[in-house]
Amino acid sequence: MKFIFSFFLFLVFTITSYSQQNNAGITLDSIEYYIQKSKNRNIFSTNDRLGFALKAKRLSVNINIDSTILVSNKAVSELYWEIGLNNKFKKVNQESLEIAKRTKDTLSLAEFNFNLAELYRLKIRLTDSAFYYYHNAEKLYVKLDDKFNTSKTLLRIAIIQKNEKDYVGSEVTSISAISLLEALPEDDEVKQNKSFLYNNLGNVFEQLEQFEESINYYEKAIELKKDLKGNNRATINNSLNNLALVYKNSNQYSLASSIYKQILDDKNLINERPDFYALVLDNYAHTLYLSEGTKQLPELFLRALNISDSIKPNGYNSIIINQHLAEYYNDRHIKDSALFFAYRAKNISEKYHNDDLLKSLKLLSEIEEGDTAAHFLKDYIKLSDSLLKVERQTRNKFARIRFETNQIEQENIQIAKERMWLLIISVVVIMASFLLYLVITQRNKNKELQFIQKQQETNEEIYNLMLSQNEGIEEARTLEKKRISEELHDGVLGRLFGTRLSLDSLNFNNTPEAIKTRSQYIEELKNIEQDIRKVSHELNTDFVSGSGFIDIIKTLVETQTIAYKLNYNLKRDDAIHWDEITNKKKIHIYRIIQETLHNIYKHAQAAQVNISFKLKNNVICLTIVDDGSGFDVNKAKSGIGLKNINSRINEISGIIKITSEKEVGTTVIIEVPIP
């Protein structure tokens, strides 16, 4: 039955384990299936794809495997971004960040930091938060030696630095990113990122008014974009517009106009990218205005403004068009129109509070007159100072984020080093402690062995002493027996023989003299009887009754007390038959008394010691009492002497009781069973 029951349990356990493993495998397959469906743009709608990704996430949470949850979260995150669900995108990435931290998944940590940085830069527009997460991602990609993703992250950091007018920082960051890409095989992704970095450098040098450098980098960007596979017309046009803007700002109007015309010649541009078309058209019109080619003006400006307003009325792109129209009408001394477009530019730019508002205030200070112009000039100066302060604070904030992140990284490295050293020191201390423990234990064992050996030698010495004492007693007995034998033979027997002969001679004589003589012989017989009784008594008396073990103890006590200048009183119980006690117990009792007397001399400062032996219920009770200074038994340290006594007590299965009172004395009671 036991076998059947055990086999049944094993079978159930095996089936359950197999079922769980099989279910886990099916679940993982399902998760992978839904993730793949969530990426299929050709068949499913965006909402359907999001549903598949959320199903994969729910299954991942059910099986509670962190790595699978992270994979599912990435799929969900991509679709939240695509749909524009910013809050949900933020939440799922923050959740994933915590899981990646817990599992120490460096790659996932880098990716989710990058995602949050993109959200803050492009959607929420919190520059410092974006910079913080980009910087975290950069450090993690560097740790992974992922040059491509490091350069991609540095590109975003460089753009933020450029937008915040940290031009030197943006230049350094861009160059660092390009140097990383130079070490990689030049595929389309590498070329594309490199072109973006060149474009950013073109922007940086344009703002620094280093136009030749700017043109050089824009041309490099355009060259790389033209070399990319696929339709890259939009990104090429962006760089061409930037290049034309540099030519315009450097007063090379003909070159700028030719590039703008090249872009505007694309008939599909107005339908595909009307906002960009309006921007290029405005730049082209402004180039004509600066080159004094005013035949098509202000129609081109107005057309650009109409296109921009048709897309988004009073949108951001219309600010600069309104400014250009205000400049144009002011230059033509048409004040009403100039003020209309200048105020319109100011009102729109106030929503954004950026450099365009600064330009609008400056423009109004030039168009308006008197106090109104002075008021706008004052606002311009105030805003300019404020923007400079904000830019400075932003740059400082970026520097602080870098410093604090690096500081945290250094602190983490330092903590890791300290932990490593702590671990090493702990291991060394533990090993040293263990070795020390072994050494001390071995030394104690050696000491214990030496003590046992010495104790055995001492016990043998005492035993030999006792044997010697017994030999002396036996010798005394032999001599006494011989003396008594000689006494009986030579004395009593001779007298008996002489008396017997004299009585035989008087048996036949009844004279008064004979009767008197017989009477004398009878008296002699009585005397002989007394002598025989005396000898018999001497034979029956234990002539060594005061000798043996007690004599050895007495000798010890006498010797010790004389040396310690103590008075003693030794009482014995004749009911104790020491010949029946084992030598081991007698030796230990001897050594206990010796050690106790030594302790009394060393610690008690006593004058009198009383030692007594009693037999109670087949137990020898040894009591040692002194009139010394006494001590607190509970607080007293157990010295080597007391340890030796306890060790000996344990050896003979005895019990020790110590009572003491200060200034009265100490009583030691030792009970040793006879068996």
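The following legends describe close-up views of a predicted model.

In this predicted model, local features need pLDDT of at least 70 and side-chain atom pairs count only at pLDDT 80 or more, while totals for chains, interfaces and linings use all residues. Residues are numbered from 1 along each chain as its sequence is written, and side-chain values use heavy atoms, with hydrogens and water left out.

**View 1. Packing of helix H6 (residues 127-143) and helix H7 (residues 147-163).** Helices are DSSP runs (H or I, at least four residues), numbered from the N terminus. The axes, lines fitted to C-alpha atoms over the stretch in contact, lie 9 Å apart at an angle of about 155°; angles run from 0 to 180 degrees between N-to-C directions. H6 is therefore roughly antiparallel to H7 (over 145 degrees).

**View 2. The salt bridge between Arg 156 and Glu 118.** A salt bridge is a side-chain nitrogen of Lys or Arg within 4 Å of a carboxyl oxygen of Asp or Glu. In this pair the closest N and O atoms are 3.5 Å apart. Arg 156 belongs to helix H7 and Glu 118 to helix H5 (residues 106-124), so the bridge ties together parts 38 residues apart in sequence.

**View 3. The salt bridge between Glu 182 and Lys 194.** Here the closest N and O atoms are 3.6 Å apart.

Notes. Helices (H or I, at least four residues) and strands (E, at least two) are DSSP runs, numbered from the N terminus. Angles under 35 degrees count as roughly parallel, over 145 as roughly antiparallel, 65 to 115 as roughly perpendicular and the rest as oblique.
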